[in-house]
Amino acid sequence: MALDSPVTPVSTTVPERRIGVAGIVFVVVAASAPLTVAAGGVPQSLGITGILGIPLLYLLTAVVLALFSAGYAAMSRHITGAGAFYAYTAHGLGRVPGVGAAFVALLSYNAMQIGIAGLFGATTSEFIDARTGVEIPWWVLVLACAAVVGALGYRRVDVGVRVLAVLLILEFGTVLVFDIGQFAHAPEGVSTAPLTWGAATDGSLGVALCCVFAAYMGFESAALYSEECRDPRRTVARATYIAVGLIGVFYAATAWAMVTCAGTGRANRIAAEQGPGMMFSLGDASPGAVFSDFAQFFLITSLLAALLSFHNAVARYVRSLGREGVLPRGLGVLHRRHSSPHRVRCCRPRSPSS
């Protein structure tokens, strides 16, 4: 079948509209894994770039992505079907570029899943071994995590959203307690130096921007839920704006808190030496050792939430491409009861209404 030929969708069945703005925000923000970025992304950005103004770069990146989101949100009001980049690119440039954009997204999201799954297995194995002395192979934990994510993805979308809501509240609460503790403990006082232009450009700016932009991974996925939200013409746009703003302010505050507690003259060096351990070593001093234990546990749940979010994104891209006939059409069929893109086999539906 030629890619540029019109294709009748395999099914006219659409998911139930069960989620609102808050639900999509939870899904989008979960993909960026706030606690994972706080523990790994921020120290990495500080350590390998030598730039003290990472907090300002998070805010400036949020502004840039908000400008991108203006056009993205405008398209979401006119194209309300699932497919996100596939649907938008196909409408604007044609079906062939649309398919190309879809496969780039699929490759990227799956690559993220593979990396996060490995990190989940290694982190969880180390956590269990350190506290119980029980050694569990990392790949066993990855398989267990995959089973949980698969089970949640198989159910209705609102079931996964509720789980993400709980996990994200725990994540945000943990990082918020950490931020407050760092500002309260600041040995040199709270400095605004990390928010200045000079601090943001004094170092490896290109590398810093790569690290900072990576922290927003998944912010564009709101459009994948156009068919599952209550008011797609408004919900997708609002959720995208809220997610970008929330992520930007949150990451900037956390980076600023770390620099403040470590000291503006030592923050880059400490980050380079300790890496992801920086957050936990600072947490030991304030709020305390108990907090560090909880933070390490919630880091694991943060990775689980990110995996669930990316799994949902991949499933909806596959469903859209199957429905359009780009992939085997059986992949475009929704579950009769859960209205979820549940199929992993390339089977043909029994009837057009399946």
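Helices are taken here as DSSP runs of H or I with at least four residues, numbered from the N terminus. On this basis, in the predicted model, Leu143 lies in helix α6, which covers residues 138-154. Leu143 has a relative accessible area of 54% and is therefore classed as exposed, since the exposed class comprises values over 50%. Leu143 also belongs to a nonpolar surface patch, together with Trp138, Trp139 and Val140. The accessible area of these residues together is about 440 Å².

Cys145, by contrast in class, is buried, because its relative accessibility is 5% and the limit for burial is under 20%. Cys211, with a relative accessibility of 16%, is likewise counted as buried. A search for disulfides across the whole structure returned 0. Cys211 accordingly takes part in no disulfide, and the nearest cysteine sulfur, which belongs to Cys210, is 6.8 Å away; a disulfide would require the two sulfur atoms to be within 2.5 Å.

In soluble globular proteins, nonpolar side chains tend to be buried together. In the present model, the largest nonpolar core contains 103 residues. The members that touch the most other members are Ile24, Ile54, Tyr58, Tyr216, Met278 and Tyr317. Helix α13, spanning residues 289-323, gives the most to this core, contributing 16 residues. For Met278, when neighbours within four places in sequence are set aside, the residues in contact are Pro43, Leu46, Met258, Ala262, Ala267, Ile270 and Ala271.

How values were computed: Residues numbered from 1 in each chain as written. Predicted model: local features only at pLDDT ≥ 70, side-chain atom pairs only at ≥ 80, totals over all residues. Heavy atoms only, no water. Buried < 20%, exposed > 50% of the residue type's maximum accessible area, 1.4 Å probe, protein only. Core = buried A, V, L, I, M, F, W, Y, C linked by side-chain atoms within 4.5 Å. Helix = DSSP H or I, 4+ residues; strand = E, 2+ residues; numbered from the N terminus. Contact = heavy atoms within 4.5 Å. Patch = residues over 30% accessible without salt bridge, like charges linked within 9 Å, V, L, I, M, F, W, Y side chains within 5 Å. Areas by Shrake-Rupley, 256 points an atom, 1.4 Å probe, with all protein chains shown as cover. Salt bridge = Lys/Arg side-chain N within 4 Å of Asp/Glu carboxyl O.
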